[in-house]
Amino acid sequence: MAVRIGELLLKKKRITSEQLEEALTHERQHGGKLGLHLVRLGHVQDEEITSLLSKQYGVPSIALSQFEIDPAVIKLVPAETAHRYQVVPLSRSGATLTIAMADPTNVLAMDDVKFMTGYSVEPVVASETAVLDAIEKYYGKATAPSVAAPSGPSALEVASQALDELPSLDATGDVELLEDFEEISVEALARQGEEAPVIKLVNVILMSAIQKGASDIHIEPYEKELRVRYRVDGILYNIMRPPMKFRDAITSRIKIMAKLDIAEKRLPQDGRIKIRFQDTTGTKEIDFRVSSLPTLFGEKIVMRLLDKDKLMLDMTKLGFEPESLAKFEAAIDKPWGMVLVTGPTGSGKTNTLYSSISRINTIGTNIMTAEDPVEFNLLGINQVQVRESIGLSFAAALRSFLRQDPNIILVGEVRDFETAEIAVKAALTGHLVLSTLHTNDAPSTVNRLMNMGIEPFLVASSLNLVCAQRLVRRVCRNCSEPHPTPAIALVQAGFSPEDAKTVIPNKGRGCEMCNETGYKGRVGLYEVMEVTEELRELILVGASGLELRRKAVDEGMITLRASGLRKVKEGLTTLEEVIRETVR
């Protein structure tokens, strides 16, 4: 990069070959970047280097010396980081932090600043001289000697002197070469995982998650810290930072509990932990679904809490509007056809499906499920764990189900054409098929099936109903209070001008019960599209998702946004939550 700048300046005849050679010699002696030394030797102006860097990297430039930075913005980036990477924070707009740097290709610096601040990082280029002057102005001088402006003997001279002063070393003596691949001692790992402090720490992590009502635990190793986060009501919160020395021991303990291979650190693994503990209501059991993933600085562990007591099997309490629930119940009461529940990961699809089959689970029906993984064991239902590694895929399980005389089939997810094709054929041959799909809304599910390769006439004939859903946080009942909102904001969100005059949303003030967040628990938003004869005709002629949506709304479909606005009107959630999860 340094020679490139020199070549560009030479080509523009801004410097001579002798001046370039002088600057390169200066750079070799003192370190830093070529542009800095060209400016210090007086061969070029600072502004010329900035302009050149801007063109070279395609990044906007800034005259840093003429820019006054808000002290609150400066505090976002620690002095140590600013000195180490030669970056200066300039301004913050929403979730974006703009930083000035001499080398905007330094991805490591941007990633570090992004991780430390939690903001997206937008770089602008400034000359190294201007960056160093700004760092000194706002942060003071570096505590350690700066590479960019050293004093005294060169690094090469210091190294030579140190070598001369060293006694002769034997080859195996004082220097140890560390390899990237560590030698794994299974006994040592097991011993670490069974030490009393580690067992107590892991137990605290698990029990604290249960008490806080978390749905997931994330244990994440980074270069210099170990982070534990809980997902509570859909949002991740920092909980603790255990000492780095416990990293491998915590991982080993969890893997031992989940019956995973503690010696295997290079491949992802999945397991399960079941714990029993004393609660105020008596003895309670909770399952943890464990997933380990090798990352750059160790294995990341994610545990999903599966509490059967929190599984809501009463469909009237999930959040369905009465008219949407009536359509859904009519669809699952039919003897054949397909009912699809769609939405992103963590939107409550499994709960809706389990509620559905619990409602239609009678002594006279044979219900079979293929799941990956089986989250909850339900009495009277034949549940199969999909294992792709041995060939037991969703499609293979479905084929076997059809020879098991089923009435109702639940497929965990329609992932590919083969699964979709068998599910559609099963729905057309006298079976009720329930499944999930990843789409943004109910009408786009039809196009997704066609994109998988299913013929329009098969989709039109087999599909009974599509239910799209999201989860939003409930306003805490303990600290809920009216939160008057301007009518224009309500109209922009989707309320009618008449409703906007009367609707007063609720908001949580924040209390001990909700950890000062103002939210406690979650409620579902549902978009239920019943496939009527008119919609079947549109599907047959290959109508777009937009046309299907218009027709469904004309026929009375409540969209996700409309479902959310009803919850706002009832005081169950806030306008911010609905806007975050839905579109108009």
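1. Valine 541 sits in the loop that links α21 (533-540) to α22 (545-554). The model is predicted. With a relative accessibility of 66%, valine 541 counts as exposed, because the cut-off for that class is over 50%.

2. Val541 also belongs to a nonpolar surface patch, together with Phe457 and Leu540. The accessible area of the three residues together is about 320 Å².

3. An open sheet is built from seven strands, and their order is β12-β11-β13-β14-β10-β15-β18, with mixed pairing. At the edges are β12 (382-385) and β18 (519-530), each of which pairs on one side only. From one strand to the next, the twist averages 20°.

4. Within this sheet, strands β11 (residues 367-371) and β13 (residues 408-411) run parallel and are joined by four bridges. Opposite threonine 369 stands leucine 410 of β13. Helix α13 (residues 322-332) packs on the sheet, where it touches β10 (337-342), β14 (432-437), β15 (463-475) and β18. The direction of α13 makes about 135° with that of β15.

5. Apart from neighbours within four places in sequence, asparagine 382 contacts Asn366, Ile367, Met368 and Thr369. Asparagine 366 is 16 residues away from asparagine 382 along the chain, and their C-alpha atoms are separated by 8.0 Å.

Terms used
Residues numbered from 1 in each chain as written. Predicted model: local features only at pLDDT ≥ 70, side-chain atom pairs only at ≥ 80, totals over all residues. Heavy atoms only, no water. Patch = residues over 30% accessible without salt bridge, like charges linked within 9 Å, V, L, I, M, F, W, Y side chains within 5 Å. Areas by Shrake-Rupley, 256 points an atom, 1.4 Å probe, with all protein chains shown as cover. Salt bridge = Lys/Arg side-chain N within 4 Å of Asp/Glu carboxyl O. Helix = DSSP H or I, 4+ residues; strand = E, 2+ residues; numbered from the N terminus. Buried < 20%, exposed > 50% of the residue type's maximum accessible area, 1.4 Å probe, protein only. Pairing = 2+ DSSP bridges. Axes fitted to C-alpha atoms, helices over the stretch in contact; angles between N-to-C directions. Contact = heavy atoms within 4.5 Å.
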